[in-house]
Amino acid sequence: MADVTASDVPAPLAPPRLAAALAFTARRAEGIVIPLGALVAGMAAFSVFLLLLGKSPAQFFELMWRGGFGSWFSIQNALLRATPLLLAALCVALPARLGLTVIGGEGAIVLGGVAAAAFGHALSGLPYPVVILAMGLAAMAAGGLWIGAVGALRHYRAVNETISSLLMAYIAIALMNQLVEGPLRDPASLNKPSTHPLDAAYRIGPMPGMDVHWGLAVGIVACVACWVLIDKTRWGFAARVAGGNVRAAQIQGLAVGPLIVGFCALAGALAGLAGMFEVAAVQGSANASLAAGYGYAGILVAFLARQSPLGCIPVAFLLGGIAAAGGLIQRRMGLPDATILVLQGMLFIVVLMSDTLYGRFKIFNPDRWARA
Amino acid sequence: MSHSLISRRTLLKTSAAGAAFGAAGLPFSLRPARAASATIGFIYVGPKDDYGYNQAHAEGAKVLKGMSGVTVVEEENVPESVDVQKTMESMINLDDATLVFPTSFGYFDPHMLAMCKKFPDVQFRHCGGLWHKDKHPANAGSYFGYIAMGQYLNGVVAGHATKSKKIGFVAAKPIPQVLNNVNSFLLGARSVDPSITCQVIFTGEWSLAVKEAEATNALVDQGADVITCHVDGPKVVVQTAANRGAFVCGYHASQAPLAPEKYLTGAEWNWATVYEMYAKHLLAGEPLPNFTRGGLADGFVKMSPLGPGVSDAGRKQFEATLAEIKKGGYAVIKGPLKDNKGKEIAAAGKAFPETAIELESTGFLVEGVQGSTS
């Protein structure tokens with residue numbers, strides 16, 4: 001017996017290692033399988049809607065593939081549309097970790113854009129990196145102040161952050177219009193009031209080998225950095241504790257106020273940065289076109305990603321692809337633009353509903369395997 | 001699917017290849033032969049059925065759908081961002097469009113200009129009159145209409161219909177195009193009765209239904225009994241005004257179905273004229289004009305049929321004025337005329353017809369308009 005045991009030393013170890021790996025995979029799989037299943041269910045529900053309209057779901061999804069993901073052109077199209085969504089989604093996902101539902105990222109985006117355009121024009125003549133850096137910082141400061149104020153109102157004055165951020169977004173857009181039509185207006189922009197155009201030398205160009213601008217890389221880096229911040233640092237841990245139970249966090253001595261204001265300000269700063277890229281890489285000046293709805297689309301991205309900064313990356317790509325394909329679907333199937341909104345709405349609802357499924361499947365919970 | 005066998009682009013490519021082998025291909029590369037068919041793309045910033053700006057363009061596009069050899073592809077609700085650049089690219093790459101009409105004002109710079117550079121073989125024509133031959137590429141161009149004349153005729157009819165001698169205007173933004181419309185509307189009404197005043201309210205946005213409704217209600221509350229507007233979709237203004245018992249004059253497209261009793265007339269775009277002209281040139285393989293403008297006489301702008309609220313006297317003056325405008329050279333802004341701050345804008349004897357370049361930078365509201373540009 002002794003010999004056998006000795007020669008089999010690794011054998012008893014192997015199953016636990018395998019079991020641990022299985023348990024690890026199972027725990028991680030839950031967060032992937034459930035949202036994917038929800039997406040499939042949402043698409044199935046949407047197919048029923050299409051059938052009721054007398055349209056072919058097969059053609060719809062074929063066009064969606066072709067227009068959003070099926071070729072290098074389509075992939076770039078999807079990536080370009082996903083770019084502003086990454087930073088906009090972080091403006092929702094970061095405060096969400098503190099239990100806050102901030103939906104006014106649009107305001108931070110437009111003010112960030114205006115600040116970037118103003119600084120970019122004022123600093124014309126300085127070296128490229130200086131101007132770009134100044135534009136980025138100005139945009140982040142503008143957006144950070146805006147959403148930071150939402151956090152401060154929440155913590156110190158108990159103002160509901162969902163309502164206040166939304167209202168602040170309307171104020172931001174009005175402020176942008178006032179600035180763009182008033183003090184910052186380029187007198188040459190007659191029928192479309194805009195700021196002075198950014199000198200061509202200070203534009204942000206496409207990344208090598210593709211026609212997607214650098215905002216994509218910055219967005220992805222920001223998503224990863226936010227994941228590290230939340231999952232790997234003590235501030236992130238503190239934020240999660242505060243998000244779970246504010247009272248408990250306070251009893252533990254966590255500075256909940258600065259945490260809330262800081263996370264909100266960071267969230268707003270990232271959205272402001274999205275505005276800076278819209279100005280420096282796309283529009284060339286700040287004007288009413290900045291309010292393109294990215295802030296609102298970002299809410300959808302963050303919720304579909306279940307407020308995970310890493311999850312925002314694939315979800316933004318998916319929604320970018322759906323948006324890219326939307327045009328082709330309009331053109332080929334004669335469906336109105338609202339069709340894509342219906343699809344997005346269905347996906348949104350199904351994914352939100354799927355939240356109740358977490359913890360209900362034994363297969364994802366290794367602790368319950370033994371009792372089978 | 002419906003790829004034209006000898007589309008302009010393919011032809012250019014083939015002839016370029018031909019040129020590489022010998023000079024034989026060269027003459028053809030400069031002037032494409034008659035194209036059997038063509039795909040034309042239309043892009044709208046709002047919904048195609050907004051009873052306004054976008055519907056006016058979509059009605060023009062619809063006429064092309066009936067032309068043989070023309071395939072129309074359309075996309076609505078496209079924001080003035082990278083979205084519209086990608087939409088143009090997608091129409092060109094996936095649908096083989098050789099002529100694209102991005103119809104919203106904000107599509108021009110930088111979006112359409114970027115695509116003009118990227119696709120030198122594709123033609124782009126933009127609504128709004130921004131193209132300039134020294135500044136912009138040769139495959140781009142502009143078309144626009146003198147619609148302020150239509151607002152002047154709206155004013156003539158409104159002048160006959162108003163009892164309170166107060167008329168109202170719901171405007172989006174204080175930009176030259178809008179200000180010309182406001183001024184024309186009041187001056188039309190004053191051609192009937194010089195005591196008429198017009199209150200203007202700016203909503204600040206091209207499409208903001210709540211503020212448009214509030215503005216309309218405020219105008220009616222202040223006694224205005226004929227309302228018109230310049231916003232992207234006049235639906236809310238027309239319905240709100242009619243519900244409050246005021247008469248309405250339309251804009252962009254006909255809103256008569258929304259308020260058949262209260263709708264007097266309206267200044268409508270007639271883009272079919274422009275689009276048909278471009279499509280015919282394209283099918284014939286002829287170069288497309290870069291810059292096109294026209295008014296009521298050219299069929300770029302038309303008036304909605306007069307509604308039941310128009311009096312006989314109103315109809316008579318409307319028809320006489322319309323005939324006069326169609327003769328050409330008719331000036332709405334003519335001296336002596338002051339703005340509403342008392343500053344002279346035209347001395348006696350000075351006149352600005354619809355084609356006057358000065359009107360493209362109008363920054364004033366004429367005397368009798370209550371409201372401010374800032």
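**Reading the two chains**

Analyst: Happy to! This is a predicted model. Let us begin with chain A: among its contacts between residues at least 6 apart in sequence, 77% join residues at least 24 apart. Along its principal axes, the C-alpha trace of chain A spans about 95 × 60 × 40 Å.

User: Which kinds of elements does chain A have, helices or strands?

Analyst: Chain A has 14 helices and 0 strands. Written from the N terminus on, its elements run α-α-α-α-α-α-α-α-α-α-α-α-α-α.

User: What makes A:Ile109 count as buried?

Analyst: A residue is called buried if 20 or more other C-beta atoms lie within 10 Å of its own. A:Ile109 has 39 other C-beta atoms within 10 Å, so it is buried. This residue lies in helix H5 (residues 105–122) of chain A. Across chain A, buried residues make up 48% of the 372 residues.

User: Which residues is A:Ile109 in contact with, leaving aside its neighbours within four places in sequence?

Analyst: Its contacts include A:Ala88, A:Ala271, A:Leu290 and A:Tyr294. For a pair to be in contact, their C-beta atoms must lie within 7 Å. As for A:Phe46, its C-alpha atom and that of A:Ile109 are separated by 31 Å, and the two residues are 63 apart along the chain.

User: Why are S13 and S18 of chain B said to stand at the edges of their sheet?

Analyst: The sheet is open and has 7 strands in the order S13-S11-S10-S9-S7-S8-S18, with mixed pairing. Strand S13 (301–303) and strand S18 (369–370) each have a single partner strand, so one side of each is left without a neighbour in the sheet.

User: How do you know that S8 and S18 of chain B pair?

Analyst: Two strands pair if there are at least two bridges between them. Strand S8 (residues 197–202) of chain B and S18(B) have 2 bridges, in the parallel sense, so the pair meets the cut-off. In S18(B), B:Val369 is the bridge partner of B:Cys198.

User: How many residues does each chain bring to the contact between them?

Analyst: Chain B brings 25 residues and chain A brings 23 residues. On the side of chain B, H4(B) gives the most, with 8 residues. By class, that side has 8 nonpolar, 9 polar and 8 charged residues.

User: Which domains is chain B divided into?

Analyst: They are domain 1 (8–145) and domain 2 (148–268 + 303–370). Their C-alpha centres lie 33 Å apart. The contact between them takes 8 residues from domain 1 of chain B and 10 residues from domain 2 of chain B.

How values were computed. Residues numbered from 1 in each chain as written. Chains lettered and ligands numbered in written order. Predicted model: local features only at pLDDT ≥ 70, side-chain atom pairs only at ≥ 80, totals over all residues. Contact = placed C-beta atoms within 7 Å. Helix = DSSP H or I, 4+ residues; strand = E, 2+ residues; numbered from the N terminus. Nonpolar A, V, L, I, M, F, W, Y, C, P; charged D, E, K, R; others polar. Domains from an automatic or database assignment. Buried ≥ 20, exposed ≤ 12 C-beta atoms within 10 Å, placed from the backbone.
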